[in-house]
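Subject: Structure handover

Hello,

Here is the structure I promised to pass on. Please open it first, then read the notes below.

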Amino acid sequence: MRVTTVFNRLLALPGITVSDVSFGASVVTVDVGLRRRRLLCPECAFSTRARHDTRAVDSSWRHLDLGRWRVTVRARLRRLRCPTHGVRVEGVPFARPGSRFTADFEDLVAFLATKADKTTITRLQRIDWDTVGRICERVVADGLDPGRLDGLVHIGVDEVSWRRHHRYLTLITDHTGKKIIWGAPGKDAATMDAFFDELGTQRAAQLEAVSMDMGAAFNKSAREHAPDAVICIDPFHAVAIVGDALDVVRRQAWNQLRQLPDQGAAKRFKGARWALLKRPDNLTEDQSATLRRLRRQGGNVWRAYTLKEAFRAIFAGDLDTDDVDALLDRWCAKASRSRLEPFVKVAKTIRRFRDGILAAIKLNINNARAEGLNNHVRLIIRRAYGFHSPQAALALVMLSCGPIHLKLPHETAVR
Ligand SMILES: [Zn+2]
């Protein structure tokens with residue numbers, strides 16, 4: 001078999017014929033020609049037989065490694081004149097527009113980005129992390145379900161911090177399909193307005209419920225653009241503010257201990273934060289021991305802890321709206337009488353948003369359900385911290401939690 005035939009088979013790239021193969025120090029360079037006569041605009045469906053000219057230099061793309069060899073695909077491309085986009089270098093069937101990588105290579109990297117950490121991917125694929133980010137952006141632009149904004153009935157809006165210094169992304173979840181379907185940098189009313197602009201009035205009118213946190217920004221936007229939808233408060237957020245109240249009580253107690261001459265007690269208490277804030281079934285052995293010790297000591301911190309756990313239990317997902325209603329009432333009364341100032345305050349907030357919380361329960365958004373997707377998003381966002389652009393962080397979220405079907409090169413049909 002001729003070496004060019006071998007490489008035709010090995011690369012398995014669509015629409016090309018291998019004309020030459022050369023070996024460098026660590027790279028195999030494969031020269032290819034496009035089989036197609038017609039020139040395709042890389043931006044639209046326009047095609048023509050008329051060539052504007054041929055580029056003076058070769059174009060090249062990194063393809064999947066062969067063993068320990070890097071593979072570069074090289075071709076001399078032509079230019080065409082698109083009536084819409086002007087003079088452009090022709091598109092190729094094996095790579096996304098503007099990319100220096102083949103689609104196979106990008107698909108593999110995008111898949112890895114949803115599964116592995118930065119060090120693993122950059123070392124294995126020999127590319128830097130911002131390149132991974134740009135690859136994620138291209139794969140998402142190419143593969144996201146174009147119908148993802150159709151037929152939405154029940155959505156949730158949430159903000160996540162994606163970098164230090166208070167940089168946020170706003171994410172919209174389809175609660176029915178359990179996917180993130182839209183996102184943008186920012187976290188104010190204007191960010192959500194941009195979503196409604198894209199959704200359009202017709203599809204917005206079909207929304208029956210929008211769930212959110214207790215802030216004013218998203219509420220304002222949803223009221224304005226989807227006036228018929230019920231506003232719900234995600235139990236996740238209600239549970240989170242009760243957790244914050246517990247954290248305030250814990251800090252107060254710790255500060256009191258630090259004033260004491262015996263520093264041992266303060267030191268032992270320092271590790272209590274996670275023991276108190278995590279769900280009891282997720283505790284390590286050390287954290288469980290800390291919790292038992294706090295229980296023996298009793299006092300404010302333990303009372304605050306039992307209040308928080310009682311609150312969380314209301315949203316475990318096994319109660320109907322009437323029961324949740326009654327328990328919320330009882331909980332608020334108890335918290336108001338607790339003489340723990342942060343809990344008195346949080347009880348007021350919960351009362352104020354009670355209708356929204358109950359609306360969420362009626363629609364069967366329980367804490368576990370909201371928390372599942374939320375925890376997954378947070379895990380992915382931590383990985384995106386190293387990216388420099390919010391678009392790359394967003395792309396990684398969409399790759400992992402959005403309506404997109406990632407395929408590995410060997411899973412695509414033989415071409
Ligand atoms: Zn065009």
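Start with strand β10. It pairs with strand β13 (residues 209–212) in the parallel sense, over three bridges. Two strands count as paired if DSSP finds at least two bridges between them. Helices (H or I, at least four residues) and strands (E, at least two) are DSSP runs, numbered from the N terminus.

Two notes on the model. It is predicted, so to speak: local features need pLDDT of at least 70, side-chain atom pairs count only at pLDDT 80 or more, and totals for chains, interfaces and linings use all residues. Residues are numbered from 1 along each chain as its sequence is written.

**More on β10**

β10 also pairs with strand β11 (residues 167–174), this time in the antiparallel sense and over eight bridges. Here R163 has R167 in β11 as its bridge partner. The two strands form a hairpin with three residues between them. In that turn, H165 has a positive phi of about 60 degrees.

S161 sits in β10, which covers residues 154–163. Is S161 buried, partly exposed or exposed? It has 14 C-beta neighbours inside 10 Å, so S161 counts as partly exposed. The cut-offs are these: buried means 20 or more other C-beta atoms within 10 Å of the residue's own, exposed means 12 or fewer, and partly exposed lies in between, with C-beta atoms placed from the backbone.

Leaving aside neighbours within four places in sequence, S161 is in contact with H166, R167 and Y168. Contact means C-beta atoms, placed from the backbone, within 7 Å. S161 and R382 are 221 residues apart in sequence, yet their C-alpha atoms are 9.2 Å apart in space.

**The whole chain**

The secondary structure comes to 16 helices and 14 strands. The radius of gyration is 28 Å, well over the 22 Å that the globule rule gives for 415 residues, so the chain is more spread out than a compact globule. That radius is taken over C-alpha atoms, and the rule is 2.2 Å times the number of residues to the power 0.38. Along its principal axes, the C-alpha trace spans about 85 × 55 × 35 Å.

Of the 415 residues, 36% count as buried. Take the contacts between residues at least 6 apart in sequence: 58% of them join residues at least 24 apart.

The chain is divided into domain 1 (1–100), domain 2 (101–234 + 378–415) and domain 3 (235–362). Those bounds come from an automatic or database domain assignment. The C-alpha centres of domain 1 and domain 3 lie 61 Å apart.

**Cores**

A nonpolar core is a set of buried Ala, Val, Leu, Ile, Met, Phe, Trp, Tyr and Cys residues joined through C-beta atoms within 7 Å. The largest has 98 residues. Which of them touch the most other members? They are C136, V210, A393, L396, V397 and L399. Helix α16 (residues 390–401) gives the most to this core, with nine residues. C136 touches A110, A113, A392, A395, L396 and L399, not counting residues up to four places away in sequence.

L80 lies in strand β8 (residues 78–82). With 25 C-beta neighbours inside 10 Å, L80 counts as buried. Beyond four places in sequence, its contacts are L39, C41, T48, A50, R51, H52, R88 and E90.

Helix α11 (residues 299–314) has 16 residues, which should span 22 Å at 1.5 Å a residue; its end C-alpha atoms are 23 Å apart, which agrees. The expected span is 1.5 Å times one less than the number of residues. Buried in α11 are V301, A304, Y305, L307, K308, F311 and I314. They pack against α7 (235–259), α9 (272–277), α10 (285–297), α12 (321–336) and α13 (341–352).

α7 has 25 residues and reaches 37 Å from first C-alpha to last, close to the expected 36 Å. Its buried residues include F236, V242, L246 and V249.

Last, strands β1 (residues 16–23) and β2 (residues 27–34) run antiparallel, joined by seven bridges. They form a hairpin with three residues between them. I16 stands opposite L34 in β2.

Best wishes

Terms used
Two residues are in contact if their C-beta atoms, placed from the backbone, lie within 7 Å.
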